[in-house]
Amino acid sequence: MSLNSAQKKAIEFINGPCLILAGAGSGKTKVIINKIIYLINHCKYKADNITAVTFTNKSAHEMRVRLSEYLNVLEIKKIIISTFHSLGLEIIKQEINALKFNSNFTLFDEKDQIMLLKKICHKDKNIEDDIQSLKKINIMISYWKNQFYTPLQAESLANSHLEKKIAYIYKKYNDYLCESNILDFDDLICIPTLLLKKNQKIQHYWQKKISYLLVDEYQDTNNSQYELIKMLTKIDSNFTFVGDDDQSIYSWRGANPENLLLLKKDFPSLKVIKMEHNYRSSGRILKVANSLISNNIHFLKKKLFSNLEYGDLIKVIVGKNEENEAEKIAKKILYQHAIKKIKYQDCAILYRGNYQSKILEKVLIKANIPYNISENSSFFSRPEIKDLISYIRVIINPNDNYAFMRIINVPSRKIGLITLNKLIQWADKENKSLFQISDDIEAKNLLTERTKNKIKKFIIWIKKITQLSYLQPSDILDIIINDIKYEMWLSKILKEPNQIKNSIDNIHTLSTWFKNMLQGDEFEQPMTLSQIVTRMTLRDISNNIKKNKRDKVQLMTLHASKGLEFPVVFMIGMCEGILPNHKSIYHNNIEEERRLTYVGITRAKKQLFFTYCCQRIQYGQIMHMSPSRFLFELPKEDLHWNTYISSVKSLQKIEKNKLKIYHIRKILKQYKKLKYE
DNA sequence: GGACTTTATCTTTCG
DNA sequence: GATAAAGTCC
């Protein structure tokens, strides 16, 4: 394996804290992989004592696969390669005795959280419980948790009536989680961190266990993750963090790129190694990317260079309207495919928002161009998957009220909302779970015999399944699907044959996944039912879902494109209001939009196209669009515009109008609400 | 459980 | 304004 001098330095620096500033396409993963191998083969480190943390399951899996080229599977299994959340979970599981709850805890995902918040807020007449407000409350609570504020602290820090109220909800929320033995995603980071802070013995154990820590995508860490890192690396500060401040595009999710700077303060002996040699993009693409990002304020200077050929001019394609823009892209792709013999799969179309893909799809279908939209983790939010997982959750922990509520009448057992509400009231009053109440339904007089019998039948069935725990997880799942005649139910409630087929396919995917989990793959041990559900909640299913590898044009958001590369890249909707997005303009958050653009540009290996259109329909009105300010930040001589550019002045006028409209909409919305009250 | 009406969304979304 | 999801009514 050939390494350049920066890469070599990054790998061989092992005594002390090390930050690798890895520019886009500079061989970041390669360095992490080789450093792990170096630590094992040339230093005192054993595989057991090395931990690599990534942000997504996907990259954790990729890292394992790439390591398997150099190490044997037994050795790889010993290295902890996981996401922050899985690592936190691991610590919690091992230290469960030092914690307040017991080992059969369940994990709450975002939807569960919202449901719980709804329940809490519903009782309180003074707080709105529409989904929007609930989501805001959830974000607030998450923020507090990640700052390690207790509900009490949050209340004392709250500086408005509303915040005080939310702090109170936070307390209720936390109490409920505690009582029900439930953790949310933030807990997975915060609980271990607090435990390590509090308990010296446990801290020492983990610092010894993780004697070398590597963190990928370091610029994406948030406050609590940074605290956890500090706890784990306290003794000798031997670690390697890899990041790129220019690719920080998740600040809206709590990521704190300033952690890069904090590192220098917290670890004065920090060695910063820059990797600036780009092996991906043509010289011109790199020049353009550098020139764009130089408009951001930088604390750590870095400039990418490339030895590859300079490459073609970067084309700016302008359409009359959105459809015309899409048509021009389709034409370009057809041309590239037919004349230049470029494969469809080597082309990517990147956009700011998912909504932009719609017209694109329409045109691509018309042009007969195969495409693939990278679907996020929507698999898990599919109703059919949620249903089945809820069944499993009830089997593991019958007192899981949310799962219970979801399945009691799916498929229909003729147990309606009225009955369910009665059950909920009883459960509240007697401080029992819905399952416990239903199990003792005979004692309740307010229900008809018929209803009682229906509930009894359901409870007996659950108990029966619960007793099957000696069977394999996948068998249990199959029995459930069979018993409740789920496929029949789906074909009944769904109208479109396509939808039915899709849903049933999803069930089969889930079933296959269970079977794989059972056998364990090269990196995995066989799992229990409860472990599988945990993995599902952590969305850790990537290696088992078939990848669509056929020759298709790739459509995805700029965010989703991070970490990938394509020979030909189209960045569409390059106009003011879309990129940068009007909300970001309004909130004065241009730098992150610029980084997002930078990420997009640096995905391209050989050819780069910017496209936009002059006119688009937004919020029902025809809007005149002007080219993105970012296009004017690129060197003129490297761009080739295929049409007349409207003057910047008219651009600003339009932008003002658009902001006005945005505000009017907001006011109208509030007005509507007022009228109701 | 289906037909109809209302409401929300128009920025990104990991675990 | 267009669309999809959620809510309401029978």
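Modeller: Gladly. This is a predicted model. Let us begin with strand E12, residues 347–351. This strand is mostly covered, with five of its five residues buried.

Colleague: What makes a residue of E12 count as buried?

Modeller: The cut-off is under 20% relative accessible area. Five of the five residues in E12 are buried, so each of them falls under that value.

Colleague: How do you know which faces of E12 are covered?

Modeller: Look at each side in turn. Cys347, Ile349 and Tyr351 lie on one side, and they are buried. Ala348 and Leu350 lie on the other, and they are buried too. Both faces are therefore covered. In a regular strand, side chains alternate between the two faces of the sheet.

Colleague: Why is E12 said to pair with strand E15?

Modeller: Pairing needs at least two bridges. Four bridges join E12 to E15 (residues 566–571), so the two strands pair. They run parallel. One bridge partner can be named: Cys347 has Val568 in E15.

Colleague: What makes E14 a partner of E12?

Modeller: The test is again at least two bridges. Four bridges join E12 to E14 (residues 553–557), so this pair passes. These strands also run parallel. Here Ala348 stands opposite Gln554.

Colleague: Now a helix. Why is His61 called buried?

Modeller: His61 is in helix H3, residues 57–67. Its relative accessibility is 18%. The cut-off is under 20%, so His61 counts as buried.

Colleague: How far is His61 from Ile80?

Modeller: They are 19 residues apart in sequence. In space they are 11 Å apart, C-alpha to C-alpha.

Colleague: What is there in chain A as a whole?

Modeller: Chain A has 31 helices and 18 strands. Of its 677 residues, 53% are buried. The accessible surface comes to about 33,700 Å², and 53% of that belongs to carbon and sulfur atoms. Take the contacts between residues at least 6 apart in sequence: 76% of them join residues at least 24 apart.

Colleague: How do you know how confident the predictor is?

Modeller: The pLDDT scale runs from 0 to 100. The mean for chain A is 85, and 90% of its residues reach 70 or more. Over residues 644–652, though, pLDDT is below 50. That stretch has eight contacts beyond near neighbours in sequence. Residues 667–677 also stay under 50, with three contacts beyond four places in sequence. Where pLDDT is low, the predicted coordinates should not be read in detail.

Notes: Residues are numbered from 1 along each chain as its sequence is written. Chains are lettered from A and ligands numbered from 1 in the order in which they are written. This is a predicted model: local features need pLDDT of at least 70, side-chain atom pairs count only at pLDDT 80 or more; totals for chains, interfaces and linings use all residues. Side-chain values use heavy atoms; hydrogens and water are left out. Contact means heavy atoms within 4.5 Å. Buried means under 20% relative accessible area, exposed over 50%, partly exposed in between (1.4 Å probe, protein chains only). Accessible areas come from the Shrake-Rupley method with a 1.4 Å probe; for residues, only the protein chains shown count as cover.
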